[in-house]
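I opened this entry to keep track of what I looked up, element by element. The structure comes first, my notes after it.

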Amino acid sequence: MGYSNLMDMHIHSDNSHDADHSVTLLCEKAVAKGLKAIAVTDHCDCIGYKSVKQDIICRQSAFEVKKAQMIFKGQIEVICGIELGSPARNLEAVDDVLKNGFDFVLASVHRIKGKKVSFGHYDFSRETNRPEYLIPRYLDEILETVQWNGFDSLAHLTYPFRYYPAELLADFKLEDYQEKIDAILKTLAKNGKALEINTACEPFEMGGKNYNFHPDIEIVKRFRELGGEYITVGSDAHQSSRVGDRVDLAYDMARLAGFECVTVYKNRKPMQISIY
C-alpha cells in the first residue's frame, strides 16, 4: 500500500559513534525519498556518560538538528531527538542531557548489567551468553527502564534477536517469557508511552509471517490489546542511504495490529498522524 505521510522517527547522524553521515545529508536523503518528517535520535549511552564525552556529543547533535530545522523548513519536519541507552542506570546523566531541549526521547537497552559491551559484541559460543540466560535479564532491565518512565517511546524491544545466531534461537521460545513482556507492554500502555516498530532488520514476508522487525507483529498486537495507544516507526538508519527503509512495511504492520495512526513528538507531546 502506498502512503503519503511516511515518517522515520529513529535516525543516527555522525554524532553517534557508529553512524556515518551528517544531519544535513540525512535531511537531503529524506527529502529526496519524500518523507514528511524525520527524528534525528543520536546515541547517548548513559553508562559512562561524561567519561566518553556523551555530554558534548549530545549538545552538538541538538545544535546541528536545530540548524537543519531552519535550513529545511517547508521541505520536511526535522525533529530533535535522542536515544538514551540504559537511562534508568544513570539518572544524573539523563537530567543533564535533557537540558538540551529535545522534542523526542527514545529509551533503549543495548547492554545488560554485568556486561561491558552491547549484544552485538557478545561471544555467543559461550554457554553463559545463550538466550535462555540473557534474554530474561534483558527483559528485566527493559521493565526497569519503562517503570522509570522518563521517555517517549521504547526502542527495538526485541533488540538482542538482531545478533543471536539462528541455531541458538531454533529452540528458544520468546512466548515462555510472555509474563515479562506483558508487564513491559502494560506499563507502557498505562503510562501513555509509545512502542517503536524498528525496521533495521532484513525485510519480512507479509503473507508468510517471519516479519523480523523489532518487535514482531504479535507483540505489537498484544500492546494494542493491553491498551497501547501510541506507535512510533523508525529505520534506525546509521547511513543516509538507509533513511526511511521499510517504513512503509512498518505502517502495514501497525495497521494489521489494529493501529490507525502513528505518532510523532513535538516538545515531548505525542501527535497522532493517520496511517491512511
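**Helix α4 and its surroundings**

I am working from a predicted model. I started with the packing of α4. Its buried residues pack against β4 (104-108), β5 (153-154), α5 (166-169) and α6 (178-190). I then listed those buried residues: P131, L134, I135, P136, Y138, L139, E141, I142, L143, T145 and V146.

Next I checked the length. Helix α4 covers residues 131-148, 18 residues in total. From first C-alpha to last, α4 reaches 25 Å, close to the 26 Å expected at 1.5 Å a residue.

**The nonpolar core**

I looked up the largest nonpolar core and found 87 residues in it. The residues with the most contacts inside this core are I38, L154, I184, L188, L195, I197 and Y251. The largest share of the core, seven residues, comes from α4. Nonpolar side chains tend to be buried together in soluble globular proteins.

Leaving out residues up to four places away in sequence, I184 touches L139, I142, L143, V146, L154 and L157.

**The sheet**

Which order do the strands take? I read an open sheet of seven strands, β1-β2-β3-β4-β5-β6-β7, with parallel pairing. At the edges stand β1 (7-11) and β7 (230-234). Each has a single partner strand, so one side of each is left without a neighbour in the sheet.

I followed β1 to its partner. Three bridges join β1 to β2 (residues 37-45), and the two run parallel. In this pair, M7 stands opposite A37 of β2.

Then I checked two helices on the sheet. Helix α2 (residues 54-71) packs there and touches β2 and β3 (77-85). The direction of α2 makes about 165 degrees with that of β3. Helix α7 (residues 217-225) also packs on the sheet, touching β6 (194-198) and β7. I noted about 165 degrees between the directions of α7 and β6.

**Backbone exceptions**

Most residues other than glycine have a negative phi, and most peptide bonds are trans. I searched for exceptions.

N149 is not a glycine, yet has a positive phi of about 75 degrees. I placed N149 in the loop between α4 and β5. Is N149 buried or partly exposed? Its relative accessibility is 26%, so N149 counts as partly exposed.

D236 is not a glycine either, and its phi is positive at about 60 degrees. D236 sits in the loop between β7 and α8 (247-256). At 7% relative accessibility, D236 counts as buried.

Last, I checked the peptide bond from H214 to P215. This bond is cis, with omega near 0 degrees. P215 lies in the loop between β6 and α7.

Terms used
Residues numbered from 1 in each chain as written. Predicted model: local features only at pLDDT ≥ 70, side-chain atom pairs only at ≥ 80, totals over all residues. Heavy atoms only, no water. Helix = DSSP H or I, 4+ residues; strand = E, 2+ residues; numbered from the N terminus. Expected span 1.5 Å × (residues − 1). Buried < 20%, exposed > 50% of the residue type's maximum accessible area, 1.4 Å probe, protein only. Contact = heavy atoms within 4.5 Å. Core = buried A, V, L, I, M, F, W, Y, C linked by side-chain atoms within 4.5 Å. Pairing = 2+ DSSP bridges. Axes fitted to C-alpha atoms, helices over the stretch in contact; angles between N-to-C directions.
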